[in-house]
Amino acid sequence: METLRLYDFLPSGNGYKIRLLLSQMGIPYERIEVNILKGESRTPEFLSKNPNGKIPVLEVEPGNYLTESNAILAYLSEYTEFLPYDRFLKAQVLQWLFFEQYSHEPYIATSRFWISILGKAEEYQAALAQKQEPGYAALRVMENHLQSQMYFVGDRYTIADIALFAYTHVADEGGFDLSRFPAIQRWIECIKAQPRYISITHEPILQEAEFC
């Protein structure tokens with residue numbers, strides 16, 4: 001099997017999803033930093049890999065690229081413990097992946113980007129205020145769901161949890177207060193206790209990777 005190459009920006013939650021899953025699956029890979037703040041995702045070379053000009057991009061074999069973080073999660077987790085075989089449960093996983101990208105990420109992740117990565121909280125003050133209510137609405141949906149179960153789908157840890165964890169656990173960096181969401185806080189600690197967990201700031205080294 002060819003060594004996977006992940007084109008990534010270390011602070012990115014979308015890139016972190018892939019790094020966390022690869023770590024927990026014990027799959028070695030090469031991480032290639034793409035500094036989006038310096039326009040490195042807009043170069044002709046990068047656009048030949050992803051015309052949309054966004055990270056992460058996973059090179060699964062020379063010349064074959066996958067984009068969109070949740071699509072990459074689905075590809076990597078197929079036929080593994082991280083994605084159910086049952087059709088209905090698998091559809092529920094997909095349901096949460098779509099929720100994360102449509103109802104969660106645009107508010108919580110974008111706020112974090114403006115505040116903690118760009119450092120422009122004052123410049124984006126009005127836009128940030130508009131992100132608060134829909135962001136908290138997404139968190140309330142998660143809180144209500146987690147009050148009755150440990151994970152998002154069935155009774156097992158899946159890529160649905162990974163996708164939602166990536167930006168939720170750093171929501172405070174985008175101005176969201178998680179103290180009012182005890183079920184989410186319990187779930188976050190549960191994710192951090194998973195085998196081969198890595199933090200969002202952990203930079204993997206290819207030589208340290210393990211095989212399943």
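The legends below describe an overview and several close-up views of one predicted model. Local features are given where pLDDT is at least 70 and side-chain atom pairs count only at pLDDT 80 or more, whereas totals for chains, interfaces and linings use all residues. Residues are numbered from 1 along each chain as its sequence is written, and side-chain values use heavy atoms, with hydrogens and water left out.

**Figure 1. Overview of the chain.** The chain contains 7 helices and 4 strands, where helices (H or I, at least four residues) and strands (E, at least two) are DSSP runs numbered from the N terminus. Their order along the sequence is β-α-β-α-β-β-α-α-α-α-α. The radius of gyration is 17 Å, which agrees with the value near 17 Å for a compact globule of 212 residues; this quantity is taken over C-alpha atoms, and the globule rule is 2.2 Å times the number of residues to the power 0.38. Along the principal axes, the C-alpha atoms fill a box of roughly 45 × 45 × 30 Å. Of the 212 residues, 47% count as buried; buried means under 20% relative accessible area, exposed over 50%, and partly exposed in between (1.4 Å probe, protein chains only). Residues 24 or more positions apart account for 70% of the contacts with a separation of 6 or more, a contact being heavy atoms within 4.5 Å. The chain exposes about 10700 Å², of which carbon and sulfur atoms supply 52%; accessible areas come from the Shrake-Rupley method with a 1.4 Å probe, and for residues, only the protein chains shown count as cover.

**Figure 2. Helix 6 and its surroundings.** At the start of helix 6, a side-chain oxygen of Thr-158 lies within 3.1 Å of the backbone nitrogen of Ala-160.

**Figure 3. The buried side of helix 3.** Ser-69, Asn-70, Ile-72, Leu-73, Leu-76 and Ser-77 are buried in helix 3. These residues cover an arc of only 155° around the axis, which puts them on the same side of helix 3; the arc is that of the directions from the helix axis to the C-beta atoms. Their cover includes strand 1, helix 1, strand 3 (57-61), strand 4 (64-67), helix 4 and helix 6. Tyr-79 follows helix 3 and has a positive phi, near 65°.

**Figure 4. Salt bridges.** Side chains of opposite charge can pair when their charged atoms come close. The chain has 10 salt bridges, each defined as a side-chain nitrogen of Lys or Arg within 4 Å of a carboxyl oxygen of Asp or Glu. Arg-19 and Asp-8 form one of them, at 2.5 Å from N to O. This pair links helix 1, which holds Arg-19, with strand 1 (residues 4-8), which holds Asp-8, across 11 residues of sequence. Both Arg-19 and Asp-8 are buried. Glu-78 and Lys-90 meet in another salt bridge, at 3.2 Å from N to O. Glu-78 is in the loop between helix 3 and helix 4, and Lys-90 is in helix 4, 12 residues apart. Glu-78 is partly exposed at 29% relative accessible area, and Lys-90 is partly exposed at 24%. In the salt bridge of Glu-133 with Arg-140, the closest N and O atoms are 2.6 Å apart. Glu-133 is partly exposed at 49%, as is Arg-140 at 36%. Salt bridges that share partners join Asp-8, Arg-19, Arg-31, Glu-33 and Glu-203 into one network.

**Figure 5. The surroundings of Glu-100.** Glu-100 is in helix 4 and counts as buried, at 0% relative accessibility. The side chains of Glu-100 and Gln-101 make a polar contact at 2.8 Å; such a contact is a pair of N or O atoms within 3.5 Å, and within protein one must be able to donate a hydrogen and the other to accept it, while residues adjacent in sequence count only if both atoms are side-chain atoms. Beyond its neighbours within four places in sequence, Glu-100 is in contact with residues including Asn-14, Lys-17, Asn-70, Ala-163 and Tyr-167.
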